[in-house]
Every structure is written in C-alpha cells, then in structure tokens.
Amino acid sequence: MKPPKFDYHAPRSIDEAVALLARYGGDAKPLAGGQSLVPLLNFRLARPAALVDLNRIPALAGIREVDGRVALGAMTRQRAVEFSPVVARRLPLLAEATRWVGHLPIRSRGTIGGSIAHADPSAEYPAVLTALEGTVVARGPKGERVLTSAELFETYLTTTLGPDELLTEVRLPAMPPGAGWAFEEFARRHGDFAIVGIAAACWREGGRLTVRLASAGAGPVPVRLRGAEEIVERDGPGDAAVTAAAARAAELVQPDSDIHASADYRRNLTRVLTGRALRKAIGRAA
Ligand SMILES: Cc1cc2nc3c(=O)[nH]c(=O)nc-3n(C[C@H](O)[C@H](O)[C@H](O)COP(=O)(O)OP(=O)(O)OC[C@H]3O[C@@H](n4cnc5c(N)ncnc54)[C@H](O)[C@@H]3O)c2cc1C
C-alpha cells in the first residue's frame, strides 16, 4: 500500500513547526517516529495534506532532571528512555513500561511524545503518565499549555491537543528513593499491544504510604484507580488489602468489548494484573 500524496516539511525549530501546522489549518500532521502514523497513511486511514517532520528539531529530544522531576522531550526515542540512567534511577516504572512497547525496531524509532499524542488506550506510556501524575507541555500559536493526563486524553485515539498544537515535553515527578514499582500486562504475543496493562508504584514518606495505580486497555482512556489505591493506603500493604484493592480496581474500569477481548475478560484481567503489580511493587519497595 502507498500513502496518498502529501506535502512534506522538515522544520528546524518548534516555532517553525507550529507555524506550519497553523498554515494548513488543521490539515497537517506532525510526524514523529512514524510507527503509528505511517501505517495509518499506508492504509489510507489518514489523509493529511501535509506532514510536518519533527525529526530535525534538536530542542524536542533529550532527558533532563530538573527540580525533582524528569523532563523528556517529545521526540525522545523509546529506546533512549529504555536505556537512560536518569530514567532507571528516578523513574524505574517508566523504564519497565518501555520494555513492553512493541519490539526493538519499533522502540528505536517510536517516541514518547508520539505514543502519548497518539493516545492508543492500550499504550503503556499514557498509563504511566496517569499513575505518576505527570503532565505534558503543548505549544501552539497562542503559546504553551501544561496538561494533566485527565485534561489530555479524551477518548480512543483522541486528545485535547489542537490541530495546530505540538506536544513538546513530558514531565514526570521523580519517584522517591526506595519506591517500589511494577508494570504488568497481558498480550497474546510478545510485542503486541496490551489487552490490559497496569502501572503500579508505592512509597513511604514520613510514615505515610502512597500507592499509585493506573490501567491501560481497560476503557477509552487510561484510568487512575484511586479507589483501589486508597484501600492499600488505609489498610496497609498486607495480602487482604491487596486482594480487596484488586477487586475494587475491576469495578473502577469501564472496558468495551472488541475483537481482542470481551469487556468481562478485560475487567477480570484488571483484577488479576492489579494484584500482581501491587504485590511486585510492594515487594520491591525499600
Ligand atoms: C507492530 C507494532 C507494535 C506496537 N506495539 C506497541 C505497544 O505494545 N505499545 C505501545 O505503546 N505502542 C506500540 N506501538 C506503537 C509505537 O509505540 C509508536 O511508537 C507510537 O504509537 C507512536 O509513536 P511515534 O513516535 O512512532 O509517532 P507517529 O507514528 O509519528 O505519530 C503518531 C500520532 O501522533 C501524532 N504526533 C506525534 N508526535 C507528536 C507531537 N510531538 N505532538 C503532537 N502530535 C504528535 C502524529 O501526528 C500521529 O497522529 C506499536 C507499533 C507497531 C508498528
């Protein structure tokens, strides 16, 4: 299959890219790693008038630790995230989630910003963004906006980013030293998108236990499983509380049935994987 005709632009700066998107009035698409966009073009499921290639904008790539948080440029490759010492030390949940993303060649091209902007409900990064209460920076002709996960993800493959806005940076609060983490998922074959995935983290600060849980693949957007977190925060990390939290997680999601799995199956997976992820995260916490 060949894509339909499109104009091609390779800007060198964020401002230039934003101006190009605005010039096409909603009919241009940013091209990041191309791992989702190029198949969509080839199948003619997307027919933009122009592609604005972000691969020659150095300001969009790189991982920095600033003021207790880690800032990842939107064009940072998933492979760079996987092997970053900063991510390994400060965001082990993100490092573990990355190993579930497709296969090595996909991660070599695919970007963190592309994955989040694409908003596939089964993708790992949106769940990590949600669990860690991260934000993304969007830049458009009117300036910059900082969005939480709840403000960004609207429904399947849809975000609140305007057609003339670029996602420029992903910001994640560094996990405290001694935090435990786990990303558990189920897919039919290694490298496939998750049927359901669960991001979990926990840590103690000043004697208080904090638990973070979010789902992928269990509804149109990632779901923060606050009601399940509260059970373990209140009752402690014992087995009964983990079992109760896992059962609560299954009540908090609203999955749809599709060709891959029924809604009931996804709900059951949410319960099983939440239990596994919580136990692993608790076991890893210092
Ligand atoms: C076989 C296969 C298996 C895969 N398995 C998984 C998996 O298990 N988990 C997973 O999460 N992903 C998986 N993917 C998808 C992969 O991770 C992609 O990298 C990701 O979905 C898109 O990132 P990209 O950088 O390639 O973006 P692109 O494909 O270039 O873009 C995707 C969309 O986002 C928009 N976009 C990109 N960057 C920006 C930006 N900075 N600002 C605004 N809009 C932007 C584009 O216009 C496009 O609409 C798989 C892909 C393949 C081909």
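Begin by selecting Ser115, which sits in helix H7 (residues 112-118), where helices are DSSP runs of H or I with at least four residues, strands are E runs of at least two, and both are numbered from the N terminus. Ser115 counts as buried because its relative accessibility is 15%, the cut-offs being under 20% relative accessible area for buried and over 50% for exposed, with partly exposed in between (1.4 Å probe, protein chains only). Leaving aside residues up to four places away in sequence, Ser115 touches Gln78, Ala123, Tyr125 and Pro126, contact meaning heavy atoms within 4.5 Å.

The model is predicted, with local features needing pLDDT of at least 70 and side-chain atom pairs counting only at pLDDT 80 or more, while totals for chains, interfaces and linings use all residues. Residues are numbered from 1 along each chain as its sequence is written, and side-chain values use heavy atoms, with hydrogens and water left out.

Next, select helix H1 (residues 14-23), whose buried residues are Ile14, Ala17, Val18, Leu20 and Leu21. These lie on the same side of H1 because they cover an arc of only 160° around the axis, taken from the directions from the helix axis to the C-beta atoms. On the other side of H1, Asp15 and Arg23 are exposed. Among the elements covering the buried residues of H1 are strand S1 (7-9) and strand S10 (166-173). After H1 comes Gly25, with a positive phi near 50°.

Finally, display H11 (residues 239-252) with H12 (residues 263-284), and note that the crossing of these two helices is right-handed, the near helix being turned clockwise from the far one by less than a right angle.
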